Amino acid sequence: MKDWTRFEMGWLAIFTMINLYLFFAWEDSLIGLISSISGMLCVVLVAKGKISNYYFGIVQTATYAYIAYGYGLYGEAMLNGLFYFPIQFIGIYLWSKNKTKHGVKGEDVTVKSLTKSGWVTTVVTVTIFTIAYGFFLKYLGGNNVWTDSATNVLSVTAQILMLKRFAEQWLLWIAVNVLSIFLWLSALISQGGNDFSMLVMWSAFLVNSIYGYINWRKLYMKQSGV
């Protein structure tokens with residue numbers, strides 16, 4: 001961890017301790033603890049541009065899909081089990097083929113930035129698919145279908161931008177994390193359960209996504225000589 005910043009180490013330590021407290025004090029589930037900690041390791045490594053994030057992502061997506069299914073969040077379960085899990089292996093391959101050659105300390109891959117036309121395409125696509133997928137989840141009888149749909153579509157879009165190494169992925173992740181906090185808060189209040197580590201995980205993700213955007217913009221400017 002020699003190239004980790006104080007913020008990164010502090011962020012990981014604080015949210016890990018909160019998760020451990022919930023696990024012992026509130027009898028949180030073991031699978032929730034594993035999912036949350038592996039997820040935090042994954043996202044902080046993404047923020048650093050490290051290929052190793054995908055190895056922790058494999059663990060996180062598998063465990064999270066199982067937990068989400070138990071709460072009737074079918075969109076979240078399908079997203080993680082059918083999309084995120086296999087995409088981790090694709091990410092390892094694509095990032096390995098696009099390693100940085102600029103020698104900027106800390107990151108493994110080159111960073112890109114969206115154009116104006118790229119933003120227009122992204123916004124239109126997200127809007128159309130959110131509406132369509134929301135009706136599909138409603139047909140399945142899922143809970144919180146519109147929030148579930150929005151988080152899923154935004155997550156898929158952000159993941160694609162991540163595979164292509166665009167810094168703007170983090171703006172979508174910020175939106176995903178805010179919506180996911182609301183989604184799990186609603187699920188825990190309405191259905192009960194002790195997976196409060198999911199709230200901690202998504203809160204940690206939100207903090208990290210803000211940091212990730214700032215860090216990736218810095219990496220982009222350093223690599224492009226801006």
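**Entry 1**

I began with Glu-8, which counts as buried because its relative accessibility is 1%. I use buried for under 20% relative accessible area, exposed for over 50% and partly exposed for values in between, with a 1.4 Å probe and protein chains only. I note that this is a predicted model, in which local features need pLDDT of at least 70 and side-chain atom pairs count only at pLDDT 80 or more, while totals for chains, interfaces and linings use all residues. Residues are numbered from 1 along each chain as its sequence is written, and side-chain values use heavy atoms, with hydrogens and water left out.

I then looked up the partner of Glu-8. Its side chain meets that of Lys-48 in a salt bridge, at 3.0 Å from N to O. Lys-48 lies in the loop between H2 and H3 and Glu-8 in helix H1 (residues 6-25), so the pair ties together parts that are 40 residues apart in sequence. For the helices I rely on DSSP runs (H or I, at least four residues), numbered from the N terminus. Lys-48 is also buried, because its relative accessible area is 5%.

**Entry 1. The other salt bridge**

How many salt bridges does the model hold? I count two, taking a salt bridge as a side-chain nitrogen of Lys or Arg within 4 Å of a carboxyl oxygen of Asp or Glu. Arg-217 forms one of them with Glu-168, with the closest N and O atoms 3.5 Å apart. Arg-217 belongs to helix H8 and Glu-168 to the loop between H6 and H7, so this bridge ties together parts that are 49 residues apart in sequence. I checked the exposure of both partners. Arg-217 is partly exposed, at a relative accessible area of 23%, whereas Glu-168 is buried, at 4%.

Within H6 I looked up Asp-148. Asp-148 is buried, at 2% relative accessibility.

Arg-165 lies in the loop between H6 and H7 and is buried, at 8% relative accessibility.

**Entry 2. Aromatic pairs**

I turned next to the rings. A pair of aromatic rings is described by the distance of the centres and the angle of the planes. Rings of Phe, Tyr and Trp (its six-membered ring) pair if their centres lie within 6.5 Å, and planes under 30 degrees apart count as stacked, over 60 as edge-to-face and the rest as tilted. By this rule I find 16 aromatic pairs. One of them joins Phe-83 and Tyr-84, whose centres are 5.7 Å apart and whose planes stand at 45°, so the pair is tilted. Phe-83 is partly exposed, at 21% relative accessibility, and Tyr-84 is buried, at 8%.

Trp-95 and Trp-216 form another tilted pair, with 6.1 Å from centre to centre and 45° between the planes. Trp-95 lies in helix H4 (residues 74-96) and Trp-216 in helix H8 (residues 197-224), so the pair ties together parts that are 121 residues apart in sequence. Both tryptophans are buried. I also noted a cluster in which ring pairs link Tyr-64, Tyr-71, Trp-184, Trp-202 and Phe-205.

Which residues lie closest to the centre of the largest cavity? By cavity I mean a set of points, on a 1 Å grid over the protein atoms alone, where a 1.4 Å probe fits but cannot get out; lining residues have an atom within 4 Å of a point. I find one cavity of 30 Å³ or more, and the largest has a volume of about 340 Å³. Of its 25 lining residues, Cys-42, Val-43, Tyr-84, Trp-173 and Phe-205 are the closest to the centre. Helix H2 (30-47), helix H3 (53-70), H4, H6, helix H7 (169-191) and H8 each supply at least two residues of this lining.

Notes:
On a 1 Å grid over the protein atoms alone, a cavity is a set of points where a 1.4 Å probe fits but cannot get out, and a pocket is an open set with protein on both sides within 12 Å along at least five of seven lines; lining residues have an atom within 4 Å of a point. Grid points are joined across faces, edges and corners, and a volume is the space filled by probe spheres set on the points.
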